[in-house]
Each structure stands twice: as C-alpha cells, then as structure tokens.
Amino acid sequence: MGIREQVATELERTRRRSAVLTDAVDDADLVRQHSPLMSPLVWDLAHIGNQEELWLVRDVGGREPVRQDIDHLYDAFQHARRDRPQLPLLNPAEARAYVATVRDKVLDVVDRLPAAPDPSRRLVQDGFAFGMIVQHEQQHDETMLATHQLRAGLPVLSADPPPASLTPVGGEVLIPAGPFDMGTSTEAWALDNERPAHRVDVPAYSIDAAPVTNAQYAAFIDAGGYDDERFWTPAGWQHRVSAGLEAPLHWTRDGGEWHATTFGRTAPIVPDAPVVHVCFHEAKAYATWAGRRLPTEAEWEKAARHDPATGRSRRYPWGDDDPTSRHANLGQRHLTPAPVGAYPAGASPLGVHQLIGDVWEWIDSDFLPYPGFSAFPYREYSEVFFGGDYKMLRGGSFGTDRAACRGTFRNWDHPIRRQIFSGFRTARSVSPSELA
Ligand code: AVJ
Ligand code: FE
C-alpha cells in the first residue's frame, strides 16, 4: 500500500470509531458532562476536527482556515475539562458537519502528497503528520470511551467478550542484567517523546509474567491494604484518605462479593482478569504490600522489546509485525481486559504476557525526555508536560487502538487518575548473589 492510501485508510478507520462513540448516545447525552474529569463528548469530537484543521489543513496543506473563530474553544490549554460544558460549543449537528468539512479538505491534501519521499519535508515524511492526527483522534476516542464508562444510564456500547485464558500464566520472569536499546529513531509514526533510540544498561530484575489480577487485588483489599498507612507513600496516603479510596473505581461490594460496573452493566469481578481503574498510588501500595515495587520505564520497555537471542529491540513483544487480534486485546474489540493467558501469541521471548493491550500499566517513573530529545512538531505535545507532575503508563488498554500503541509508546497521567483504563504489574530487583 502506498503512503497516500495508507493514510486515507487509517483516517477513515479512525473516524468510524469516533462515529461509533458519538452516535451511540442522543444529543442531550453528547452535550452533558458525565464527570467533571471529562469533557462533554461533543467537545472531544469538535476538538478532534480542530486539531486536524490546525495541523493538516492549515500547516501541512497551507489552506485557508475553516473556522479560526472557534480555535480558542477547543484549545485544551485554555479551558479545563470541568469548564468546557459552559463554553459556546458547536452543537452536535454543527460538530459533525465541521469534522466532515475538515476531513474532506484533508483527503484532498492527502491526494496531492508527492508520491516520491521528500526528505526536506520532515512533517509529511512517511505520512508522519497524518499519523500523528490519526493517533490524536484515537487517543480522544479512548478518552471518550472512558467518558462512556463514567456515564450513568442504560448500556449503549456492546462488544464480544474477550477471549478465554488459553494457558496458565503467573509468577515472575527474570530479565538478566545488560543493556538494551530504548526508544526509537526509525518507527515512522513514533511521537517526539519516544525518540531517539538510546542504549540503557538495566540491572537484573524480575517482572510479573502478567498484569496483577482482580483476585490478587481483592486479596490486598481483604488484607486491609487500604487501612494500613505503611504500604502507602505520604502523598498516596493523603490521597487515599481525602478521596476516600476503598477499592478500584467502579467496584462495589455485594455481600461478600466484589462486583464491577462496566459500561452500564454490573457483574461479579472476573478473578483472573487484570485489575483496571486503579490510580498510581493504589498500584504502588499494592506492590509495597506484596513486598515488591512497580517497574521503571526502562524495565517495562526491556521486558517488552529486548530479544535476548539477537540483542536487538523489537517493535512489540512478539516481534516486528503489527498487532492482530491474536496478539493483544486492543482497539475496543472488547470492552474489558482479557484474563491472563488469553494471548500466548503476544508474549515476549522470555515469557512476559499481555504487555500490550488489556490495561495501561503504571510505571514508577516521571515523564522526562530521553537523551537527545527534540520537540517535534510542537512543544505542546510532550515537552510542556515534562517534569514531576505525571507518572508514566505503558502498553495500552483494550480501548487503545493499534495505531496509538507500540513497544516504545509513552503515555502519562496524574498519579491520582483512575477513570482511565489503568492497571499495573509489579517487579523487584534481583541481586547478583541471588543469580549465582
Ligand atoms: C498522551 C493521552 C496523555 O489525552 O491528554 C490528546 C494525548 N494530547 N490531545 C491526553 C493528547 C493532546 C494525551 N495523553
Ligand atoms: Fe487533544
């Protein structure tokens, strides 16, 4: 497939997902705020169109603006999510017409792309700017999916249940000490914060073969983990108390049994499925209770990409091929994480499972640039977020599209957030004496 065709296919596939998420509810529901943590769905929709207009119609295409007058309404830096319902937003019909108008112009820009690569135009090289917009829309689609999860009322989304476990997976996997290549300089649609590739020496460690499950997490709750300050950091304990945390978001206790509400349906938790909707502080407290810790970003990525046979870093745990439904639970094909052992074809060479898909995994690292980082194409995508305010998340969830998920992909959020599809796995350092 040529680059023009690939770009157009991905843009259209992505727009179908945005349509599923916004056509599932009526207009009143689209403009409503389902949680102060989230924008109204109609804001996400028009913001998707506005970013596409800014980056592809105006910057790449050099065309006249479609609706310069609304730029400020859809600038995420100008208005906090909780304030967005009060803005004079486009109504649902206007928002749909706007994104369609922008898209028509973009497809025209795509048609006129030079067939031969032009290294002097880095922004469009290998379709990068278009890939960035595809990923941006997919990221907002996942955000809209999280909004659906917070929405009260009858279920409106449906999907097949995830596959069953095919193989028992548990315990930990030893990753021997040694360097690996972290990040990428070659992945065409990798964003600025994933670049450049650089060598990192990682001491020996062990990492869970699978994400922490609901049953394991329920054992932490039952053991009094939420009531014992020793397991929590000072900031974590403060948040645990002030927010009244007692269990993952969307969990309720019915008699002795935990239930979870998932897109409007309440059912007993699935014991062997990864826990989802926990914040960084909860993940870290669990790890401390278990006598372990959360992995660093380098540890997560080495487990996901390092091939001990060749010494090179793969694009994904299973190799360099793009994800399929055999490899990982991605793309909103299912509306929950899959039980551990459901994706043996997606395991890493050393036997670490479900690193990609199911749940975003909390990492005990701040969002910092790699050595040699340079902001591209704008400081606002990554650079303005660097520092200590965010913790990293890796691997993608059942709601992450394959276009927005790679072994190198870096996500971040505030350590108190748990409306996202976040889970975790634990790790521990392994001393040389233990290896001898
Ligand atoms: C990378 C997922 C943290 O959703 O805030 C969307 C992606 N950036 N629009 C977010 C993003 C601008 C970002 N995350
Ligand atoms: Fe955005």
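**Annotated site and strand pairing**

Modeller: Helix α5, residues 128–150, contains H136. Please keep in mind that this is a predicted model.

Colleague: Is H136 buried, exposed or partly exposed?

Modeller: H136 has 19 other C-beta atoms within 10 Å. A residue counts as buried at 20 or more such atoms and as exposed at 12 or fewer, so H136 is classed as partly exposed.

Colleague: Which residues does UniProt list under "binding site"?

Modeller: The unreviewed UniProt entry places that feature at H47, H136 and H140. These residues span 94 residues in sequence, but no two of their C-alpha atoms are more than 10.0 Å apart, so they gather at one spot.

Colleague: Where does H47 sit?

Modeller: H47 belongs to helix α3, which covers residues 41–60.

Colleague: And is H47 buried or exposed?

Modeller: H47 is buried, because 24 other C-beta atoms lie within 10 Å of its own, and the cut-off for buried is 20 or more.

Colleague: What is H47 in contact with, beyond its neighbours within four places in sequence?

Modeller: With those neighbours left aside, the contacts of H47 are Y74 and H140. H140 is also one of the positions in the UniProt "binding site" feature.

Colleague: Changing topic to the strands: what is the order in the open sheet of 3 strands?

Modeller: The order is β5-β6-β7, and the pairing is antiparallel. At the edges are β5 (251–254) and β7 (265–268), each of which pairs on one side only. From one strand to the next, the twist averages 35°.

Colleague: How many bridges are there between β6 and β7?

Modeller: Strand β6, residues 257–262, pairs with β7 over 4 bridges, in the antiparallel sense. Within this sheet, T261 stands opposite T266 in β7.

Colleague: What holds paired strands together in general?

Modeller: Strands of a sheet pair through backbone hydrogen bonds, either parallel or antiparallel.

Colleague: Then how does β8 run relative to β9, parallel or antiparallel?

Modeller: Strands β8 (residues 360–367) and β9 (residues 387–394) run antiparallel and are joined by 5 bridges. As an example, E361 has R394 in β9 as its bridge partner.

Colleague: What about β9 and β10?

Modeller: β9 pairs with strand β10, residues 411–413, through 3 bridges, again in the antiparallel sense. Here the bridge partner of L393 is N411 in β10.

How values were computed:
Residues numbered from 1 in each chain as written. Chains lettered and ligands numbered in written order. Predicted model: local features only at pLDDT ≥ 70, side-chain atom pairs only at ≥ 80, totals over all residues. Pairing = 2+ DSSP bridges. Helix = DSSP H or I, 4+ residues; strand = E, 2+ residues; numbered from the N terminus. Axes fitted to C-alpha atoms, helices over the stretch in contact; angles between N-to-C directions. UniProt positions renumbered as here; feature names shortened; annotations may be inferred. Contact = placed C-beta atoms within 7 Å.
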